Amino acid sequence: MKVKKFMAASMPDAMKQIRAELGKDAVILNSRVVYTGGVLGFFKKRSIEVMAAADPNQEIEQKPALKPAVIPAPSNHFKENTEESLFSGSRTSNELIREISSLKQMLSSLADGQQISPVYPDEIRKVMQLLNEQEIDNSIQDQVLQVLLEKWYLGGAKAKVAEVEAWLHEELIKQIEEIPFSGISFTKKYINVAGPTGVGKTTTLAKMAAECVIKHKKNAAFITADTYRIAAIDQLKTYAGILDIPLEVCYTIEDFRQAAEKLKDYDLVLIDTAGRNFRNRQYVEDLKNVIDFEKDMETFLVLSLTAKQKDMEDIYNQFSIIDIDKLIFTKADETSTYGAMYNLIHKYKKGAAYITNGQDVPDDILMAEPEAIVKQLMGKKK
């Protein structure tokens, strides 16, 4: 299979180049509009970039054998040709129908001013369905599917669905593997956990504290600024009692500074914040009246996987006034759709620390590594 990229001023010009070099059976893999040259961002030249593929042996294989010349029958010529060429199901007629269908799709796309969408083989269409079901953003799908399509043709267009799924798994990891992922780094003393109401911050904080105390043998303490929610303090006090660590309650930033002084000899201080409607930016600003962000602090933003992606993006943007180090995704056990998690990481280039999947402390928490996230996305197709 020969694959080549063509540049032309227009799609008809590109098609002429493709047919001249790869032959009439060439398949368009992808196309897009690109701009080159120019000065200071102006006067750029618009071109069409088309990637096409063709089997160099196909034309030879399809050449018909030479036959002795025959004299056409004087009557029923149109009828015979119509029945045998267009509707008899021969390979020639199928190819003709396919070409007409492709041309119609191409003309329709050009009429709408859109780029030409490649025609995907069935094996790739099946993994497209998985990406759609998981609500992966279209821009990410386009990038991933282009890679799969190239591999499919370069491999001789023979790959089975399982092999395409393995390529998908590999490409999804590749897309996010450069983004830093990790849990608590243990390089900063204060661990701040923030997020909207109802995402499970306090339970998540207790799981993180248990990991620090039990697994890493750290000398930890709690500070809570969650004084809005009824029983929030009692809930954290219960976890503090189980882990045998101190808890300080803060209503103002002065309280916070006094608590920090009291806990200065501890390795880690884990901070619980009030869960409020953080689509209102003022509530995020209010956090600065209770928590001293000038401290040596690592901040985790907690988001529920049961929320809409748009709401999660709004909350992330509201919290952009403070430094967010990592994301934590909760309630993985309460949904079957995980695309929003992948989309946010990919869009904001912000790694995740943990995924929680239940209420049990300390068990229901996982490290959020690229492999674990893609595994969650692909389910049994991993």
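**Entry 1. Aromatic pairs**

I looked up tryptophan 152 and tyrosine 153 and found both of them buried. This is a predicted model. I then asked how these two rings are arranged. Tryptophan 152 and tyrosine 153 make an edge-to-face aromatic pair, with 5.2 Å centre to centre and 90° between the planes. How many aromatic pairs does the structure hold? I noted three.

Another of them joins tyrosine 316 to tyrosine 348. I read this pair as stacked, at 4.0 Å centre to centre with 25° between the planes. The pair links distant parts of the chain, since tyrosine 316 sits in helix α12 (residues 309-318) and tyrosine 348 in helix α13, 32 residues apart. Buried or exposed? Tyrosine 316 and tyrosine 348 are both buried.

**Entry 2. Helices α13 and α14**

Having met α13, I followed it to α14. The two helices pack at an angle of about 145°, and their axes are 9 Å apart. I recorded the crossing of α13 past α14 as left-handed.

Which residues meet here? From α13 I listed Gly339, Met341, Tyr342 and Ile345; from α14, Ile373, Val374 and Leu377. Sorted by class, the contact of α13 with α14 has six nonpolar residues, one polar residue and no charged residues.

**Entry 3. Helix α7**

I checked the span of helix α7, residues 161-176. With 16 residues at 1.5 Å a residue, α7 should span 22 Å.

Next I went through α7 for buried residues. I found Val164, Glu165, Trp167, Leu168 and His169 among them, and also Glu171, Leu172, Ile173, Gln175 and Ile176. What covers the buried residues of α7? The cover includes α5 (122-133) and α6 (138-154), as well as α13 (339-348) and α14 (370-378).

**Entry 4. Aspartate 25**

Last, I looked up where aspartate 25 lies. Aspartate 25 is in the loop between α1 (11-22) and β2 (27-36). I wanted to know why aspartate 25 counts as buried. Its relative accessible area is 14%, and buried means under 20%, so aspartate 25 is buried.

I also took the distance from aspartate 25 to aspartate 55. They are 30 residues apart along the chain, and their C-alpha atoms are separated by 8.1 Å.

Note on methods:
Residues numbered from 1 in each chain as written. Predicted model: local features only at pLDDT ≥ 70, side-chain atom pairs only at ≥ 80, totals over all residues. Heavy atoms only, no water. Helix = DSSP H or I, 4+ residues; strand = E, 2+ residues; numbered from the N terminus. Expected span 1.5 Å × (residues − 1). Buried < 20%, exposed > 50% of the residue type's maximum accessible area, 1.4 Å probe, protein only. Contact = heavy atoms within 4.5 Å. Axes fitted to C-alpha atoms, helices over the stretch in contact; angles between N-to-C directions. Left-handed = near helix turned anticlockwise from the far one by under 90°. Nonpolar A, V, L, I, M, F, W, Y, C, P; charged D, E, K, R; others polar. Phe/Tyr/Trp six-rings, centres within 6.5 Å; stacked < 30°, edge-to-face > 60°.
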